[in-house]
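User: Please pick one part of this model and take me through it closely, then show me how it connects to what surrounds it. I would like the cut-offs behind each term as you go.

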Amino acid sequence: MQKLGLDIHQAVSLVELMLKHQLTLGVAQSRSYGEKLDQLIARLPPDQVVVRPGWDTLQSLTNMLIKKRVDLVLGYPSEHYYLSKRIGSDNLLQVSLAGVPLVAKGYIGCTKNAQGTQAVTVFDDALPRMVATAEYRRIMLKWLPDHLRRKLNRHLTTDIRLLSNEVPTTTEQK
């Protein structure tokens with residue numbers, strides 16, 4: 001961060017960072033990082049992107065990062081922070097990326113039948129109540145570095161009330 005003149009409190013542009021400093025990015029094979037981030041990755045020169053297959057690709061990519069085989073690794077900040085603490089590496093930092101949402105939406109897949117439709121209804125009812133609890137906030141914030149914990153806490157405090165399920169249920173799909 002110091003060599004690149006970056007501030008961990010400011011979001012960084014992945015494409016600008018990669019192109020300006022000729023860095024190598026490690027990503028997991030067959031993993032979507034969300035529509036916007038996937039589009040940014042597609043814009044990068046292929047020789048600057050290392051795609052890693054395997055069971056625990058983030059751990060493998062983090063090991064490559066520690067051994068300086070890649071310069072950057074993409075992953076959820078909480079999973080990367082947890083992994084860096086587990087392997088005892090205190091010199092790894094997590095930063096926010098500019099141009100992508102602070103929080104990635106997840107999806108629940110259900111079989112397209114009556115039971116699946118019922119499950120979607122149960123999930124749609126339970127999720128807004130669940131995310132409003134102190135336990136949810138505690139779990140979401142537990143494995144984040146302080147600078148990202150503050151940012152997510154603000155989001156959970158102010159923006160969580162805007163939560164809505166924008167995904168149609170199986171009965172609404174064509």
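Analyst: Tyr 82 is partly exposed, with a relative accessible area of 36%, where buried means under 20% relative accessible area, exposed over 50%, and partly exposed the range in between, with a 1.4 Å probe and protein chains only. This is a predicted model, in which local features need pLDDT of at least 70 and side-chain atom pairs count only at pLDDT 80 or more, while totals for chains, interfaces and linings use all residues. Residues are numbered from 1 along each chain as its sequence is written, and side-chain values use heavy atoms, leaving out hydrogens and water.

Rings of Phe, Tyr and Trp (the six-membered ring of Trp) are taken to pair if their centres lie within 6.5 Å, and planes under 30 degrees apart count as stacked, over 60 as edge-to-face and the rest as tilted. By this rule the count comes to one aromatic pair. The ring centres of Tyr 82 and Trp 143 are 4.8 Å apart and their planes stand at 80°, so the pair is edge-to-face. Distant parts of the chain are linked by this pair, as Tyr 82 is in helix 4 and Trp 143 in the loop between helix 6 (134-142) and helix 7 (146-158), 61 residues apart. Helices (H or I, at least four residues) and strands (E, at least two) are DSSP runs numbered from the N terminus. Trp 143 also counts as partly exposed, at 31% relative accessibility.

Helix 4 (77-86) leads on to helix 3, since the buried residues of helix 3 pack against helix 4 as well as strand 1, strand 2 and strand 3, a contact being heavy atoms within 4.5 Å. Helix 3 (residues 57-66) is mostly covered, with seven of its ten residues buried, and Thr 62 is one of them. Thr 62 has a relative accessible area of 0%. Leaving aside residues up to four places away in sequence, Thr 62 touches Val 73, His 80, Leu 83, Ile 87 and Leu 92. Its side chain also reaches the backbone oxygen of Leu 58 at 2.7 Å; such a polar contact is a pair of N or O atoms within 3.5 Å, where within protein one must be able to donate a hydrogen and the other to accept it, and residues adjacent in sequence count only if both atoms are side-chain atoms.

Helix 3 is followed by Lys 68, whose phi is positive, near 60°.

Strand 1 (residues 25-28) is joined to strand 3 by two bridges, and Leu 25 has Leu 72 as its bridge partner in strand 3.

For the whole protein, the secondary structure comes to seven helices and three strands, in the pattern α-β-α-β-α-β-α-α-α-α along the sequence.

How values were computed. Pairing = 2+ DSSP bridges.
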